[in-house]
Amino acid sequence: MALLTLLCLAGLYAAVHGQYLYDTVFNIDCGGYKNFTNKFNQTWMSDRFYTGGAPGLVSEPHIFEQEQEKTLRFFPIAMGKKNCYIVNVPEGRYYIRTFFVYDNYDSRKHTPSFDVSVEGTLVFSWRSPWLETNSRKGAYSDLFVFVRDGEATVCLYSIATDAPVIGSLEIIQVDPLSYGSSSNQQNVILVNYGRLTCGSDSFGPGFSNDTDRFGRAWQSDYTFSQSTAMKRPLSTRNPIKSTDQAHDYFPLHLYQTALTLVSIAPLEYTLPVDTRLDYMIWFHFAEIDPTINAPGQRVFDIIINGKNIHRMDIFKEVGSFTALRWQYTVSNLSKSTISIELNPVSGIPLISGLENYALVPMDLATDHAEVVAMRALKQSLRIPDRMGWNGDPCAPSTWDAWEGVTCHYNKDRTALVITQLDLGSQGLKGFISEQINVLSHLVSLNLSSNILQGSIPLGLGHGSLKTVDLSNNQLIGTIPDSLGSWQLQLVLLSNDNLEGQVPENLYSIGVRGGTINLSGNQGLCGVPSLAACPYFWEKRGLSVGAKIGLGLSAALLVIMLLSVLYWCFIRRHRNDYDFGLGLPHDLISKTNRYQKQKHRMVFDSDDQNMNSFPTPHGFASNLNPV
């Protein structure tokens, strides 16, 4: 709700100041090898950095006028059943347009069956065989959707073993208040079931240089008009007021053409629909006939599925050469078409454009924090491409979740959550990310019989987890205390490389009637059936006594080393005669030589005196004896 408020404020600012604030545009050439700019000055980029799959080329590129329609991307079943385009965009509302084509690119003459989701909601379904026109020349589909997590996500889901295909993808930011979004809120996708320009050829991106800020393409109404009376197209080059304005920014060209009849008769349209959905129909009018210059000259009733809904007098409402929009929502359909009849009251009916949007409720998405955690696990476990871990792990709810993943609604049914991971014997070679602890609704975890390394994440076992099987891997380290949580009923850790004392609470699982298996871990100790731990070992490491003993020993060793240093260096230097402390080296050298010479002279003099003394027997000393 906060996001909608901010977006609405931005839309109001744009409307008041006449600025168009929405410039995020991605034109993605699926299967293309390089970026290019087409004749309509649109910049297209290769999709090679956005998804997996493989590039392909249509078999008859010469029949396609636009460069991006000649290439495609297909997703073999070896890449997994679910493959996605994930494009980082600002939060807001977006117009998303897709182009799907087959054209026998693989020489198999078999159009594939697959589904398409946008923001985790199923929006398009392609089933084999396709219509010949769609298969050979392709078909466009588009919608309006809110992106609330900063990622525009478009996913393709294989039916059976068919390889989904896509030719191009356009993602264009639009005014968040367009098409009355304040009433639709953010939980509805508007899927185009017909956007018609009346009395005109198709126009818009891919058809002409006529601009549409939203990138909408407008299809000619020729095949949808069911009127039996002779039709009369009208057109003008006069400017039309109230066009290209907030919040819908309908283009000028739409109102410069119109369809009426030669004689007074109903103007009729038939629109195909899906009876399971509600539809919002937008009518576009502009009185561009200069002969109509007063109210009451052209009046008609709008009848939908036989029900008279509204009486319209264009000139009375807005005058001439001014755009007029009117919309109505159709519910509780009982047949696969919507019939629209403009029944004359005065004069002949006229219409400029017609839009029909299915109101598709957005499917619940997986809790965002759990999506982030699952992406981290995808990286750390090195999930292979064949498992199709792409997009939302659980949505759409009509598809299977990621392989090995089971999902349920959360307690208040506002999101989907992960309740089971069954990834045993998948050849996984990574490690278990600590993000697994974010999956607080996880009940069962099976990662057995892989080649996982590293340690068991601290905290694993808390939350809702009841069964854990990490056996037959290459896990190392100690067993965290959390794997002794009271709610656990099954813990299998056999045939790993774990070590250390087993938590007492873990062993008590077996006492409570649960099951544990710790066999095949040579370093584990401390519970019955396993070796006793050394006296200095306690739980996850050394005991307190052992740590104190090691600390005292280390202190004693430091004292001994300091004592040795003291005797070797300090005591020894006290007996040295070093008179040169702090003196230059030359002076020190000279001083030392002088001291040596002085000592030598003293010793020489002493020798001489000793030689002149008489021996005790021949000479009487002058000293009196003591």
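## Ground rules

This is a predicted model, where local features need pLDDT of at least 70, side-chain atom pairs count only at pLDDT 80 or more, and totals for chains, interfaces and linings use all residues. Residues are numbered from 1 along each chain as its sequence is written, and side-chain values use heavy atoms, with hydrogens and water left out.

## Salt bridges

There are 14 salt bridges here (a side-chain nitrogen of Lys or Arg within 4 Å of a carboxyl oxygen of Asp or Glu). Arginine 97 has one with glutamate 170, at 3.1 Å from N to O. That pair links distant parts of the chain, with arginine 97 in strand β7 and glutamate 170 in strand β13, 73 residues apart (strands are DSSP runs of E, at least two residues, numbered from the N terminus). Glutamate 170 is buried too, at 2%.

Next up, arginine 73 meets aspartate 47 at 2.6 Å, N to O. Arginine 73 sits in β5 and aspartate 47 in the loop between β3 and β4, so the pair ties together parts 26 residues apart in sequence. Aspartate 47 is buried at 0%, and arginine 73 is buried at 6%.

Then there's arginine 127 with aspartate 115, whose closest N and O atoms are 2.9 Å apart. Here arginine 127 is partly exposed at 40%, whereas aspartate 115 is buried at 6%. Asp142, Arg195 and Glu355 are linked in a network of salt bridges.

Conventions: Helices (H or I, at least four residues) and strands (E, at least two) are DSSP runs, numbered from the N terminus. Buried means under 20% relative accessible area, exposed over 50%, partly exposed in between (1.4 Å probe, protein chains only).
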